[in-house]
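Subject: The structure, and some notes on it

Dear colleague,

I am handing over the structure that you will be reading about in this message. Please keep it open beside these notes as you go through them.

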Amino acid sequence: MKKFLKITAVFLFVTTVVSCSSDDNSESEVAPNAPTNLIGVLMSGQVRLNWTDNSNNEAGFKIERKLLNGTYSQLNSVVPNVLTFDDNTITTGQTYVYRVCSYNAIGNSTSYSNEVTITVPSPVSLPTLVSNSVTSITSISAVSGGNISSDGGATITERGVVWSTSQNPTIALSTKTSDGTGSGTFTSNISGLAANTTYYVKAYATNSVGTSYGNEITFTTLPTIGQTYQGGVIAYILQPGDPGYVAGEFHGFISATSDQIINITWNFSGSNVTTGASGTAIGTGNSNTNTIVNAFGNGTYAAKLCYDLVLNGYSDWYLPSKNEMSKMILNKNAIGGFSSANYWSSTEFDSLNAYYSNFTSGNSNMTGSKNSVANVRAIRTF
């Protein structure tokens with residue numbers, strides 16, 4: 001019997017385990033984290049930005065900018081680990097908004113930093129303004145003002161007008177008004193002036209830079225009663241309710257500085273006629289005088305003396321009416337030169353008599369014979 005040799009085969013399986021070497025640390029690359037804590041400061045004509053880096057795999061940072069309510073665009077970029085940027089392309093008067101993102105080969109960070117808004121102020125300068133014309137001039141007051149078209153980039157803290165009897169007044173003077181704050185038009189009431197005096201006035205406006213002035217305007221206050229004016233002295237200034245009064249205008253009558261004659265008759269050569277010179281009101285003396293002269297013609301009598309008078313370059317003098325004479329009595333001390341005597345008016349009472357005033361008693365409603373004598377003081381209208 002054959003014997004078979006039983007051979008048992010033993011197979012050896014060797015399992016090889018393959019693993020990363022200890023020096024292979026590569027990972028799949030991802031987008032970097034966004035920066036945070038963006039801060040912007042305006043300094044020395046530029047905006048300086050600073051931020052916090054929250055990643056270690058950025059290739060750099062992108063800085064984006066837009067105008068307020070505009071659209072972002074990339075302004076610039078910086079390399080990794082640089083955490084500041086200076087924007088020196090700014091313009092005064094503009095408002096800018098900034099944001100920053102990080103980036104690498106994968107792309108930008110999935111979000112941006114916070115936004116920072118910076119307003120670049122316009123340069124501050126002196127205000128720009130003009131002076132208003134001077135109106136409502138009286139002997140002691142006037143109205144002016146100004147119009148501030150630009151505050152210079154800073155709040156107007158004081159405005160008004162300044163005036164002087166010398167040119168180029170400034171706010172160093174006490175003669176000024178203070179009329180609020182802010183730009184635009186304002187009105188200034190000037191007071192405490194001297195009559196019949198020339199003044200120079202300018203509007204002013206003050207901001208944080210300083211004070212600027214408008215154009216200089218010259219005006220002259222009105223004379224007052226008793227002051228020299230147009231050939232004589234102011235005897236009376238028309239008031240509201242007077243015949244011929246116009247609001248905002250300066251009218252009245254002027255007296256000669258001395259009597260034209262002492263003791264002259266109202267009539268001419270005893271002519272006892274009615275001339276029709278019956279006006280009594282202020283403003284009727286001139287027409288009365290013309291009427292009397294037309295009635296009597298040439299000769300020596302009160303009305304004709306005034307009618308022919310040429311004094312200090314003026315030839316439109318006349319004999320005052322009864323009411324004009326009453327105003328002269330009220331102001332006789334300011335006018336000056338009157339005697340304690342009777343003075344003829346140009347107002348006729350009847351064919352034999354005319355009105356006269358007594359400068360001793362102050363009575364202007366007296367009548368006397370046209371053939372009697374009294375003094376004469378001529379006046380003219382302005």
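This is a predicted model: local features need pLDDT of at least 70, side-chain atom pairs count only at pLDDT 80 or more; totals for chains, interfaces and linings use all residues.

Residues are numbered from 1 along each chain as its sequence is written, and side-chain values use heavy atoms, with hydrogens and water left out.

Let me begin with the strands. Helices (H or I, at least four residues) and strands (E, at least two) are DSSP runs, numbered from the N terminus, and two strands are said to pair if DSSP finds at least two bridges between them.

Tyr355 stands opposite Thr367 in β21. Four residues lie between the two strands of this hairpin, and Gly362 takes a positive phi near 85 degrees there.

Next come the charged side chains. In general, side chains of opposite charge can pair when their charged atoms come close. A salt bridge is defined here as a side-chain nitrogen of Lys or Arg within 4 Å of a carboxyl oxygen of Asp or Glu, and a search of the whole structure finds seven of them. One is formed by Arg99 and Glu64, whose closest N and O atoms are 2.8 Å apart. This pair links distant parts of the chain, with Arg99 in strand β6 (residues 95-103) and Glu64 in strand β3 (residues 60-67), 35 residues apart. Both Arg99 and Glu64 are buried, where buried means under 20% relative accessible area, exposed means over 50%, and partly exposed lies in between (1.4 Å probe, protein chains only).

Another salt bridge joins the side chains of Glu348 and Lys370 (2.5 Å, N to O). Here too the pair links distant parts of the chain, with Glu348 in strand β19 (residues 342-348) and Lys370 in the loop between β21 and β22 (373-376), 22 residues apart. Glu348 is buried because its relative accessible area is 8%, and Lys370 counts as buried because its relative accessibility is 0%. Lys304 forms a salt bridge with Asp308, the closest N and O atoms being 2.5 Å apart; Lys304 is buried, with a relative accessible area of 9%, whereas Asp308 is partly exposed, with 45%.

What is the nearest side chain of opposite charge to Lys202, which is buried yet has no salt bridge? That side chain is Glu216, 4.8 Å away, where Lys and Arg count as positive and Asp and Glu as negative, while His and the chain ends are not counted. Lys202 lies in strand β12 (residues 198-206), and a polar atom of the side chain of Lys202 is 3.3 Å from the backbone oxygen of Pro169. Strand β12 also holds Ala205, which counts as buried because its relative accessibility is 0%. The C-alpha atoms of Ala205 and Glu158 are separated by 5.9 Å, although these residues are 47 residues apart along the chain.

Finally, some backbone angles deserve a look. Most residues other than glycine have a negative phi, and most peptide bonds are trans. Asn37, in strand β1, is not a glycine and yet has a positive phi of about 55 degrees. Ser269, in the loop between β18 (261-265) and α1 (285-296), likewise has a positive phi, near 55 degrees, and Ser269 is exposed because its relative accessible area is 64%.

Key
A polar contact is a pair of N or O atoms within 3.5 Å; within protein, one must be able to donate a hydrogen and the other to accept it, and residues adjacent in sequence count only if both atoms are side-chain atoms.
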